[in-house]
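Please read the points below with the structure open. They go from one whole chain to single residues and then to a contact between chains.

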Amino acid sequence: MRPELLEYNLDWLFAATFNIAKKTENATEKELARLLQFAPYDSGLLTPLLGLGKPAITFIDLFGEYYSNIVNAKRDGKKVVMTTFCFDPSIFYAVNNLVPVTLEIGTALTSMLWKRGSYDFMDFCTEVGFSETGCSSQRGAMGAYLAGAGAKIDLVALNMGGVCDTNANAYSFAAQYLNVPYYGLDYPSQLTTEEVRRYHYKDYRELIQFIETHTGCKFDIDRLRELLEEKKIQDALLDEIEEMQRLVPNPVPGLYHILIYASRYIYSGRKKYTKMLREMVEIIRKNAAEGRSGLNSGVEKCRAFLIYIDNYSLNVGMWDWFDQNGIAHMGNILSRTFSEKAPYTTGIPGTTYEINTRDFESMIDSLADINARMPMTRTIRGPYDAPNMWLEDTLSLAGIYNADCCIYNGTPGCRNTWSNVKLITRDLEKYGYPTHLVYADSFDGRVESWDTTVMRLDEFFRIRGLL
Amino acid sequence: MSIVAGCDVGSLTTKAVIINNRRIVAAAIIRSGPRPVQSANEVMEKVCSEAGILQKGIDFCIGTGYGRESIEFVDEAVSEISCHAKGAQWLVPSARTIVDIGGQDCKVIRIDKEGNVQKFVTNDKCASGTGRFLDVMANVMNITTSELGKLSTKSTSPIAFASVCTVWAQADIIKHINARCRPEDICAGINAAMANRVSMLANTMKIEDDICITGGGAKNDGVVNALGGILGRRIKRINRVDPQLAGAIGAALLASQRTRNGSNR
Amino acid sequence: MKTAFYDAATNIDLDSVRAWKEKGGKVVGYTCSFLPTEVFYAADILPIRLRGVGADSMEIGDAYYGPFACTFPKAVLQLAGSEKYRFLDGVVISNGCDSMRRLDECWRKMSEDISDTLPSFFHYFDVPHKPEGYAVIWYMDQVKKLMDSVEKHFGRSISDENLKTAIRKQNQVRKSLWELERLRAFDPAKISGTEAFASIVASTVMPRDTYAELLLQCIDTVNQKKDNPLGGRKRIFLGGSVCDAVELVALIEKAGAVVVGENVCFGPRNENDLVDEDANPIEALTRTYLSGSACPRMFGWYKARLHTITERIKALKVDGVILQNIRFCDMHGTENGLLERDLEKIGIPSIRIEREYGPLTETGRLKMRVNAFVEQLESKSNHHEAMP
């Protein structure tokens, strides 16, 4: 790793970037242009973000706060827990001395903000023994924390066992390398049976014990209730956004999706996230009322559903390209919640979660249910063609959104999806969805250059007559 | 005193060295042909004639390199890791870490003061981080591999290559050539990408000073300088002989050890 | 004997399995060492470990799996698709890892394209990623479900008595296998790693009773041997991801070393690797199979595993450790990184090697590294001898 990278703390860099960016809220165009001259690479993310108006400012504020909390954790007497994106973090906020740091968010941010992404951090992981073929989504930011270029980690807690080996494996490696306690929730390959639910509940209670043991703090019931009540409001707002997304043209700007899921993965249950969602809903409602597309051009030529995740390897290049070509981004696996009232839920018992705040036990059960129904822990845990799994979810989502095509974009580190993505692609084609498989790495631009990715995307859209 | 030889059949070049009384009396480097046996015979003939001896006048000969098993005339085959370690340590006695950038692989070896291997790593992925990578890139640039090194030292703003994959990097270079980037900046970018890959390998183990670089890659100043920069350490160069000869020299030195230990043929 | 084991370790089509089938016996294949094979013997069904030996191309494997997946399940799929596993009456897939559990879908989908490649019994065995607590209950339940579906499908009944007999007999095999390990523990080793490892792999594919008898004979013969050509060789321990490659062990031994033990998903892990014969059989099986066999898929249990491996290495007086993993095996690839670090901390030289499953496609490079590693170990001892 280049020695100079150790000179700056990663969390501080993010905090500084967002805290400064937030101040541009009232900047004139000229002032903004002048500022971005000093941060040429940041502009790749910040310029399109700031173009989104109010919700983006709240997003920037939220991220600034999140990273400031991490930077100040030790000063504030808080412990730092390393966790994963598909874990609902509200539980961490229910004890008063814990701050979560989510690796995939950090990796995506470096990819979107820095010229060299987090390549050096990724390579650092390999240098200290982590498998080079492991998923890049963790390898990026993880390298910084392992190298001491980020917050000191006190414990590791996550939820991907049984769903994504390479994810759980990365965190267990980090815990081992940093010599800190580790706890991972485990998921059977099924979702809806009663015994599975019991397993989830017991497993989640162990997590509660783990957190209490290692933070020395008891859970604050009122605080937990407040977080979950807030989460109910958030889910309702998300449901409304999802519902409006069904309109043609889609009134939701594509970039909203990343704002929605990135914030959810770090700020679920917190008021700032609700604020951002409210601001979004307001704009989307207005777009919908006026029959306006969320695309900058206002002309929607095609609706693409991302069956897995997005590509963050060159700023927000993927969204830009979609926008320029009149392709509406219909969200991806990450932007969904499986709350009971979500518009795409099937009504099959056990497939969704319900938030019950009656007492501590029911709140813990609810959280266990939520965690077992996060996008990945729900959709890619079992056989892709089993009921309520990847294929059925994709078909029902692509169906209600009137998608014209499907795109798989992921990372070569994803053993799980790369072991059946050819099968799902084949099936989706059979169901009439032209489906494109991107071989690039969402977080590591070195795997396939963005130019090549775009060339292939362009080829797909043109040859399949989608544009 | 015995006359010993080392023969290193690599994927791109074949090297041989004859040592008499701890002095190199003949050395040669030729391009490897498709058949390792032929290349070995050819290079041996060359060094023998240079030394003015007959091949049967050699007391002990050790073969190394990927073609080592198929050479008929050697008394023993030893891996190139051991040979490079011995050779480099002899050439640079203070060396404790050896970075060898060969035609098709790259290795980093940590040794003790006797030249014994303590630990080594080799690339096991693909051509990136090997001499082949530089060759292919030079070819795209329409220059020689040694020009690649020279040009890059004149760069003021090296291009950052996203990919170290030999295939993607080629496409990237073409893109930069078409965008009329300065060739020296492209060359510097190539060398930096290469150095990055090699540094990753080096960092997987505890490297110790002094670091010495061998193999064809050692002739590329751009890579050597960039590598030193990334590792934050000075890299010692081999001036006495061609750094590509380190493996063959090491083989000959091991041969000389064998004759001293009485395993004469 | 050696030939029988070597043959069994390196082939799919075995005389002993054919004889079993000819007598009307049923055969079920399974994918992971977490499966309690006793369940099948209790139903008088022959369980065999699914492997990809002899897959000389990968066009079927690659048609269903993506490019970034392990070649082990791909090779199994390749064989299944080319009808090499036609003799199977059933298959049990388990979630040893992501690539392996997806063999379930890949196999089913493949059978839609290539007819008669899907056995009528096709079962998914869901193993938790935790070795204790409620995971034990979950596993026991999985065992019961497996037994139920075996009983239903094959029309057999699995009594406690049957299970206990199967456990007892399998324990006998385990004890003999440990006896074999003891022969390797001698210094110099009494049996080559190639021979021993072939016997270990054979234990997962040959009918148990035939195997048990041959193994005893093998141990006897070794015990009677007077000469020992294995003296003075560096003692190697092979670790890492699933490996049934006898050729790899042979390659290491050709470099002048002797492989004295493995921890590669085949073979006994330690002396206590026995199933309790007196306890409730399902509970006893669970204790051994789930709780007793730490694997990096049990996230968070690295320290326990390191301890087991280190103890074994010390007992075997190992000079060096070769940690291999099949490309894209992140769990073992990563664990190998940790193991290398921790073993070297206590002075045991280690090397990591990434490889593809199947015929040693990179033999040249693999051989160079193995040779160099053995040379490194040899120079180390020469060096120490030379020291005053």
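1. Chain A has 467 residues, and a compact globule of that length would have a radius of gyration near 23 Å; the value for chain A is 21 Å, so the two agree. The radius is taken over C-alpha atoms, and the globule rule is 2.2 Å times the number of residues to the power 0.38. Along its principal axes, the C-alpha trace of chain A spans about 60 × 55 × 40 Å.

2. This is a predicted model, in which local features need pLDDT of at least 70 and side-chain atom pairs count only at pLDDT 80 or more, while totals for chains, interfaces and linings use all residues. Residues are numbered from 1 along each chain as its sequence is written, and chains are lettered from A and ligands numbered from 1 in the order in which they are written.

3. Chain A contains 20 helices and eight strands; these are DSSP runs numbered from the N terminus, helices being H or I of at least four residues and strands E of at least two. Of the 467 residues of chain A, 58% are buried. A residue is buried if 20 or more other C-beta atoms, placed from the backbone, lie within 10 Å of its own, exposed if 12 or fewer, and partly exposed in between.

4. Contacts require C-beta atoms, placed from the backbone, within 7 Å. Among the contacts in chain A between residues at least 6 apart in sequence, 75% join residues at least 24 apart.

5. Strand 2 pairs with strand 1 (residues 79-83) of chain A in the parallel sense over five bridges; pairing needs at least two bridges found by DSSP. Val80(A) stands opposite Val99(A).

6. In chain C, Glu277(C) sits in the loop between strand 6 (257-263) and helix 13 (281-291). Glu277(C) counts as exposed because it has 12 C-beta neighbours inside 10 Å. Leaving aside neighbours within four places in sequence, Glu277(C) is in contact with Lys164(C), Ile167(C), Arg168(C) and Asn171(C).

7. The contact between chains B and A takes 13 residues from each of the two chains. On the chain B side, helix 5 (166-178) and helix 6 (183-203) are the elements that give two or more residues, and helix 5 gives the most, with four.
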